[in-house]
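Trainee: I have a structure open here and would like to talk it through with you. Could we go over it together?
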Amino acid sequence: MENVQTAMVDLPARQPAPSFRQAIVCFSGILFLMAFGLFVYQISLHVLIFLVLVWVGLQARVLGYSFVAIRNMMDEGIIKALPAIYIFMLIGMIIASFMQSGTIASLLYFGLDWLDPSLFLAAGFVVCSLMSITTGTSWGTAGTIGVVLIGLGESMGIPLPLVAGMIVSGATFGDKLSPVSDTTNLAAMSAGTHLYRHIGSMYHASHIHDCSAHFCHLGFAIWK
């Protein structure tokens, strides 16, 4: 808040603060550039991010911010994100050490050993959640044990859309509540709150999804 107030000092007295309409125009421009560039022209995401940066900078300049004020606000944002970047680097090292030490392989072995064919979806959901919480990556969970579960589900005759939904639900649930997840750490730092307080607040909404998916998986096992 103090950074915003400092930047506002550079505004000329005749320039108003951003209105709701101006905010909508700026946000709509960002959505248009991203959607049009990605889905129509298939432009690289890096180029689109640069174009969005130019668009937002122009909007700030129209409001009366000087180049120095805009640059200072960008510097403040980068400095604020530096701790998250350090965490991303450390998380990458941790996951690499898990893979080299056999931790991922052990999770796969014991996780698959716990699977009961009669409760495949419910047990697979729990295994994916635990693995995602441990490793902090939903993509890694889906790309390792998720591939194995797809093969097992197909051999058991379980519809693949249900198996895929079980994998994605468990992996996403675990990723959001993992203290070593990069997105969870970035969200907590961006909001300026404590990591575990952020995880606790997300759990209030996530556990509803967790219980609902788990009961659906159990219901499918009983129905089968």
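Trainee: What share of the contacts in the protein chain with a separation of 6 or more comes from residues 24 or more positions apart?

Mentor: Bearing in mind that this is a predicted model, residues 24 or more positions apart account for 66% of the contacts in the protein chain that have a separation of 6 or more.

Trainee: And how many helices and strands does the chain have?

Mentor: The secondary structure comes to 11 helices and 0 strands, and the pattern read along the sequence is accordingly written α-α-α-α-α-α-α-α-α-α-α.

Trainee: What percentage of the residues is buried?

Mentor: Of the 224 residues in the protein chain, 29% are buried.

Trainee: Let's look at helix packing. At what angle do α4 and α10 pack?

Mentor: Helix α4, which covers residues 67-101, packs against helix α10, residues 182-191, at an angle of about 165 degrees, and their axes are 9 Å apart. Angles over 145 degrees count as roughly antiparallel, so that description applies to α4 and α10.

Trainee: Is that crossing left-handed or right-handed, and which residues meet there?

Mentor: The crossing of α4 and α10 is right-handed. On the α4 side the residues are Lys-80, Pro-83, Ala-84, Ile-87, Phe-88 and Ile-91, and they meet Asp-182, Asn-185, Leu-186, Met-189 and Ser-190 of α10. Sorted by class, this contact has 7 nonpolar, 2 polar and 2 charged residues.

Trainee: What about α8 and α9, how do their axes cross?

Mentor: The axes of α8 (residues 145-156) and α9 (residues 160-176) come within 9 Å and cross at roughly 155 degrees, and α8 and α9 are therefore roughly antiparallel to each other. Their crossing is right-handed.

Trainee: Which residues of α8 and α9 meet?

Mentor: From α8 there are Gly-146, Leu-149, Ile-150, Gly-153 and Glu-154, while α9 brings Leu-160, Val-163, Ala-164, Met-166 and Ile-167. By class, the contact has 7 nonpolar, 2 polar and 1 charged residues.

Trainee: Changing topic to the cysteines, how many disulfides does the structure hold?

Mentor: The structure holds 0 disulfides.

Trainee: Is Cys-26 buried or exposed, and what about Cys-128?

Mentor: Buried means under 20% relative accessible area, so Cys-26 counts as buried because its relative accessibility is 16%. Cys-128 is also buried, and its relative accessible area is 0%.

Technical notes
Residues numbered from 1 in each chain as written. Predicted model: local features only at pLDDT ≥ 70, side-chain atom pairs only at ≥ 80, totals over all residues. Heavy atoms only, no water. Axes fitted to C-alpha atoms, helices over the stretch in contact; angles between N-to-C directions. Helix = DSSP H or I, 4+ residues; strand = E, 2+ residues; numbered from the N terminus. Parallel < 35°, antiparallel > 145°, perpendicular 65-115°, else oblique. Left-handed = near helix turned anticlockwise from the far one by under 90°. Contact = heavy atoms within 4.5 Å. Nonpolar A, V, L, I, M, F, W, Y, C, P; charged D, E, K, R; others polar. Disulfide = S-S within 2.5 Å. Buried < 20%, exposed > 50% of the residue type's maximum accessible area, 1.4 Å probe, protein only.
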